[in-house]
Amino acid sequence: MLSNFKYCLCFENVEAAGYITEKIFDCFKAECVPIYWGAPDIEKYIPKNCFIDFRDFGDYGKLLSYLTALSESAYDRYIKNIEELL
């Protein structure tokens, strides 16, 4: 199902250090860029260039503005980074 979408809200149930579930990896496998919120230390495990960090935006409006302005080549870089990670 995720492979039908460019992006996926990928929010963990808990914001705790080291708590990373399958949600982000499901996105990676489907080549869907995750918009992640969860483990505050996510970058210790997964490079920031593989996901969009929801914490970088104050609200959904700012996130939407970012996504609609994101070029196709910038999106493709996310996918390439994900492929290199996997």
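Mentor: Let me begin with a term: accessible areas come from the Shrake-Rupley method with a 1.4 Å probe, and for residues only the protein chains shown count as cover. On that basis the protein chain has an accessible surface of about 5100 Å², and 55% of this belongs to carbon and sulfur atoms. Please keep in mind that this is a predicted model, in which local features need pLDDT of at least 70 and side-chain atom pairs count only at pLDDT 80 or more, while totals for chains, interfaces and linings use all residues. Residues are numbered from 1 along each chain as its sequence is written, and side-chain values use heavy atoms, with hydrogens and water left out.

Trainee: OK, and what order do the elements run in from the N terminus?

Mentor: The order is β-α-β-β-α-α, which comes to three helices and three strands, where helices (H or I, at least four residues) and strands (E, at least two) are DSSP runs numbered from the N terminus.

Trainee: How much of the chain counts as buried?

Mentor: Of the 86 residues, 37% count as buried, where buried means under 20% relative accessible area, exposed over 50%, and partly exposed in between (1.4 Å probe, protein chains only).

Trainee: Switching to charges, how many salt bridges are there?

Mentor: The count comes to six salt bridges, each defined as a side-chain nitrogen of Lys or Arg within 4 Å of a carboxyl oxygen of Asp or Glu. One of them joins E72 and K6, whose closest N and O atoms are 3.1 Å apart. This pair links distant parts of the chain, with E72 in helix α3 (residues 72–85) and K6 in the segment before β1 (7–11), 66 residues apart.

Trainee: Which residues are joined into one network by shared partners?

Mentor: I'll take the pairs before the network. K48 and D56 meet in a salt bridge at 2.8 Å, N to O, and D53 meets R55 at 2.6 Å, N to O. Salt bridges that share partners join K48, D53, R55 and D56 into one network.

Trainee: And how accessible is each of those?

Mentor: D53 counts as buried because its relative accessibility is 3%, whereas R55 is partly exposed at 31%, K48 is partly exposed at 32%, and D56 is partly exposed at 48%.
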